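Dear colleague,

I am passing on the structure that we talked about, and my notes on it follow below. Please read them with the model open beside you.

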Amino acid sequence: MTDLHQTPSQTVGPFFGYALPYDGGDRLLPPHAPGTIRLHGTVFDGAGEVVPDAVVEIWQADAAGSVVSERGSLHRDGYTFTGFGRAAVDGWGHYSFTTVKPGPMRAGSSPYVMVTIFARGLLHHLFTRAYFGDDAPDPLLQELGERAATLVAQSDGEASYRFDIRLQGAEETVFFDYGVDAGA
């Protein structure tokens, strides 16, 4: 019997920036809604250059820390918070979301936004988290030591947080591998 293995994913190139984004994908809530924040940043490659054609997705709990079960992630109605957003970076590698600061999902943890990055040259999308610098430290962040700083969005204004993503290099963002059980 031959042992079969999965073949590698194929890089799909720079179509991400125009094929995946959709109207309102960067607005999990309208900018004028009470309690909204801006989560934004720049995607950099290993040489420190901006990545002008990446797509960034976020998944998050609501302000109370509840996982959202509302429908409508791809068809925004202008007021329902769905917990999901998708934005293409601009030519300068910058992305921005209008959302709410999530609450912690369980006792003893800090709130975070799950971030997924799609870009040319990546065989698989990357997963990371954006924590907020003004919250109590999370046990995961404590385990990471000084590398934890790559997961912390910094306040850069009223209700605004900057979270830069570095794909490689000395200041590479910590990425997570959510592997699938080989026996499943």
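The protein has 2 helices and 9 strands, where helices (H or I, at least four residues) and strands (E, at least two) are DSSP runs numbered from the N terminus. Along the sequence these elements follow the pattern α-β-β-β-β-β-β-α-β-β-β.

Please bear in mind that this is a predicted model, in which local features need pLDDT of at least 70 and side-chain atom pairs count only at pLDDT 80 or more, while totals for chains, interfaces and linings use all residues. Residues are numbered from 1 along each chain as its sequence is written, and side-chain values use heavy atoms, with hydrogens and water left out.

The pLDDT, which is the predictor's confidence in each residue on a scale from 0 to 100, averages 84 over the protein, and 82% of the residues score at least 70.

Of the 184 residues, 41% count as buried, meaning under 20% relative accessible area with a 1.4 Å probe and protein chains only.

T98 lies in strand 4 (residues 94-100) and is buried, with a relative accessible area of 16%. Beyond four places in sequence, the contacts of T98 include D26, R27, L28, L29, T36 and I37.

Finally, the largest pocket is lined by A149, T150, V152, Q154, R162, F163, D164, R166, E171 and T173. A pocket here is an open set of points on a 1 Å grid over the protein atoms alone, where a 1.4 Å probe fits, with protein on both sides within 12 Å along at least five of seven lines, and lining residues have an atom within 4 Å of a point. The lining divides into 3 nonpolar, 3 polar and 4 charged residues.

With best wishes

Key:
Nonpolar A, V, L, I, M, F, W, Y, C, P; charged D, E, K, R; others polar. Buried < 20%, exposed > 50% of the residue type's maximum accessible area, 1.4 Å probe, protein only. Contact = heavy atoms within 4.5 Å.
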